[in-house]
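Notebook open, structure loaded. I'm jotting down what I looked up, in the order I got to it.

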Amino acid sequence: SRAPRVGAALSGGRWLLPGFAPTPPMTSRGGRSQGRRGGRPGCRAGSRATSGRWLCRGLAAWGWANVVVAAGAAVQPPLDLDVFEDDDCREAPNADVLLALLHDLADLLDRALFSTGMPAGREGGSAWADFEAWQAEHLRIMAGLVAQVFSRPYCEPGKVAWMAAECLLVLRGGPGGEDEALRCAEALDEDFLTQMTPRGSGFVTRLHLMLRSPWPAFRLLDLLVRLHPESGSTRMGACRRFQNWRQDPDVFDWTWFKPLLSAAVDAATAAPATFELRPEDGPLSRQYRARWLRVHGDLPGMQEAIAFSDDVFEAYREHHYRAGCHLGVISCYILQVLLLHLRDVEGRLHRYVASVAQLINLHAAFPHLVKTDWPIFRLLHLASLLQRTPPVEVWEGAAAEPLALPDAAGKLVAAVGKAVAGLPAGEGFVLVTAAWGFLSRFAGDVLRRWSALLGAGGGGAGLVTLLFLALDAEALAECRGARGVHCIDAPKRLGVEGVIAKYLALAEVSRAGCTAMWLDLDIYLAATPVPHIRAAMEAPGRPDLLFARHAASESVSPAVVVARGSPEATELMLRYASWLRENPYLLDHQGWDQFLERKEGDFAAGFDYQGRNVTVKDDKGPAHSFMPFGGTSQPDARYALLGDAFGSGDGWYGDEGAAGLVLFHFWGANEPQEQLFQLLYPHTIVGFPARSLSMLSQYRREILSGPTVPALLGSNASEGGAGAGGGRPLHLVVVSYADGCCQKSLRKNRRQALRVGADEARAYGRADLAPTWREAHRDILSQKKGGGWWLWKPHVILRALKDPAVPWHRGVVVWVDAGNYLHADPRPLVTQALRDSDVSALRLKWCMEADWTSTVTLREMNYSLRYALVDRPQIGAYFLMFRKTELSIAFVEEWLRVSEKRLMLLGAAAVEADGEEPPVEAPGFQKHQADQSVLSLLFKEWGFKAMTLEDGHRVVTLARWRE
């Protein structure tokens, strides 16, 4: 019998749900017509723009336009948490029950489709019988919950999910269900989907709210498409093989791509474990990457589908309508979203997501899409599974995990405020960390060490308050077993995400006028950090924020965040937290470079390897993905980086024995996190346990030897010349090489070097290679590519370094590829780059190592799992500096030794030449860079300091890239 249309009535072609509050209309500025808490004069508090931005700017946006100053300290008003209120109806009473029921509904329909093997829409089979029984038992309960949970504005993902469920139910309801389901789809499209991305509004979209939501909207929309019996509509393009819209010849075989894509997406849907974040993969930053590698490499057909989408995206980036297959093009755009989300730079992810939403609105209206069998919404569902916090973790969690209480953000902030109440403004020091999931089991040992080191004033370092955010039940139990720690019960199940809770807690401590210091739980505290932090915060410039920085990077690392007790620091913490909440893909550690506009960082805009400014131009698109309207930090934001007191598995600098090492981060280490916790804990006295010293020693980096450049030049030295202290100037030797080509370029290279001030300029050729060495490696050197795969480069650089005519310590060998040349005096840059490092090169921050180094080379060098090397930008080999020291000579000798090994230098090309099948490369792989790949990996492994592209291209012109 026909199922009743519970909770819905068709009136004038529009579906109305009792108690189902509509989304407020848009204002002329794109925001909601009212805030969720009413709003302050002249500023609509909490009003959301369609682009996901907040309408208020600056200090006034957070309620600090009038900060009261009393007794020499800023007294800040309570934090304005409008932007953190629940706009997804997940905190409503019984929202967890309704979530579970909607997911159960989707699971049952999925099983019915996949287990019976029947054409969509037919009756029969035990799976359908299970569905009918479940529907009879739960449908009225769901309808009642809908009226309760969704009786408020916003909450579009949940409302879309329920309306899609209604359409599914009427489709299954009996005769006439197909037509009625189409009318339901029309209403859903009109009331929600088109409203979330208004047509003709450029990059304005709220689609990302569905991507981040735990409500199964995409799953239920996809089920409606699959279950509707009509699937052959060509209204959105005929999708012919090798033909475009006008039946002209085209290169794309849509009839091949569609079944490949459907099979790949089906395989992904059937393997939910593929999308899990696994602690055994390493720290969270590595877990995201490892998850994506599984999706790309382990799911049949996914790699081929993404490769096809790359070509389609490039060919139809602007004139997509000419392809003659709208749904195929949209599918390719979504695959690009999957590919891009891990490495979003500036506003590109926002642009891609907005393009998908606009294309669906313009060329694939939902009522028409229902009549096809393209997996558009299944792809979007997969995109939602790859967000920062998997949706199932948001709502389901472990069976015993408690739910967050309503107004979770407000309660978290209130608990933190209570813990720091009464601390003296300007003097209080609060150490904060958090744990959930895998790390919760280690929290007790960490907190007991903190209490022993810092309790009762931290050994004279001043009053230190210990604050722990317990985000699950195990973390809370561990905290309560440690003395002297304020345990904040803040379950993240349907509550505040851990990474957002971090910055809300820091903001509240800062608001109280205290110094707030965050440490990731996997940072070992060897001694009290208070003196180091106090000194850094009182240094010239008086920074409001202090961060860590890993050895092989110039990026800001929020593994350590210190916030001064000032309105400026409080504002920065809140702004960043609001961005993390808005953007479902932004990783904590990847955003700060952009937020602070730190151009030398790995995750910010700047120049590409050719010296071109690739910062997103003003094309009316977003500069950052899903950035709240408050924007990034103020241009004059003051921040600084920790010095050698911080180290990690990526490297640390200092004397043997690690006496000056105060903070050691597990990130980058070869050992699993669990092993490192066992090595370092329990231990409650100052310093490192003796059992951990051999582990620590392997990460110590020496990148400077002999007298330093400033000592050699003397006092008041500038631009590489001699100073007043009797020093001698640097001796610059510019070196290049060519064989059988580029002679004109080589002559210009040498001429320009002498013109801009080099002491010598040497142009080497094949005749300059050592005869015995040349004969030993003739197989590689005889190949045309790179005149022998560039194997000669480390050989001739080593020859120059060992030349007695090049003086020790003040002699510098500068390598410039033959097709390039110096256009300005390099001495100032050489002096700066070699001040703290005997070797320097350019960091190609737009070229990730995994994209430009073959998996064969990574495997042979035993670096496949070294995420600190592989998931970082590659180092360029076209402009290099080597100060003549024992250390730099040893490095070049290793570079040459490794390059002489055929598999390491040639990568997959060596495997192919041997007639074997090369391994699958990483997603996004472009091209193996041979000598540059080897140099880059070794450079980062040794821990040398790189130059920025901006600095390098003020001196060198890249006239010709590799042949």
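I count a contact when heavy atoms lie within 4.5 Å. With that cut-off, aspartate 520 touches Thr433, Lys502, Pro558, Ala559 and His665, leaving out residues up to four places away in sequence. I found aspartate 520 in the loop between β10 (515–519) and β11 (523–525). Its C-alpha atom is 9.6 Å from that of phenylalanine 666, which sits 146 residues away along the chain.

**Ground rules.** This is a predicted model, where local features need pLDDT of at least 70 and side-chain atom pairs count only at pLDDT 80 or more, while totals for chains, interfaces and linings use all residues. Residues are numbered from 1 along each chain as its sequence is written, and side-chain values use heavy atoms, with hydrogens and water left out.

**Confidence.** I looked at pLDDT, the predictor's confidence in each residue, from 0 to 100. The chain has a mean of 86, and 87% of its residues reach 70 or more. Residues 118–124 fall below 50, and this stretch has 14 contacts in the model beyond near neighbours in sequence. Residues 457–461 are also below 50, with eight such contacts.

**Seven-stranded sheet.** My element names are DSSP runs numbered from the N terminus: helices are H or I of at least four residues, strands E of at least two. I call two strands paired if DSSP finds at least two bridges between them. The order of this open sheet is β9-β8-β7-β10-β13-β12-β14, with mixed pairing. Which strands stand at the edges? They are β9 (485–489) and β14 (639–641), each with a single partner strand, so one side of each has no neighbour in the sheet. β12 (residues 545–548) pairs with β14 in the parallel sense over three bridges, and phenylalanine 547 stands opposite leucine 641 in β14. For angles, I use axes fitted to C-alpha atoms (for helices, over the stretch in contact) and read 0 to 180 degrees between N-to-C directions. Helix α16 (residues 408–420) lies across β7 (429–435), β8 (464–470) and β9, at about 160 degrees to β8.

**Five-stranded sheet.** This one is open too, ordered β18-β17-β19-β22-β21, and its pairing is mixed. The twist averages 25 degrees from one strand to the next. β17 (residues 731–737) runs parallel to β18, joined by five bridges; valine 733 stands opposite glutamate 760 in β18. Helix α26 (residues 743–755) lies across β17, β18 and β19 (811–816), running at about 170 degrees to β18. Helix α38 (residues 931–942) packs on the sheet, touching β21 and β22 (873–883), and makes about 80 degrees with the direction of β22.

**Helix pairs.** How do α19 (residues 498–511) and α21 (residues 567–582) cross? Their axes come within 8 Å and cross at roughly 165 degrees. The pair is therefore roughly antiparallel (over 145 degrees; under 35 is roughly parallel, 65 to 115 roughly perpendicular, the rest oblique). The contact includes Tyr503 and Leu504 of α19 and Met573 and Leu574 of α21.

Next, α30 (residues 792–802) and α35 (residues 886–899) pack at about 155 degrees, axes 9 Å apart, which makes this pair roughly antiparallel as well. Among the residues that meet are His795 and Leu798 in α30, and Val892 and Trp895 in α35.
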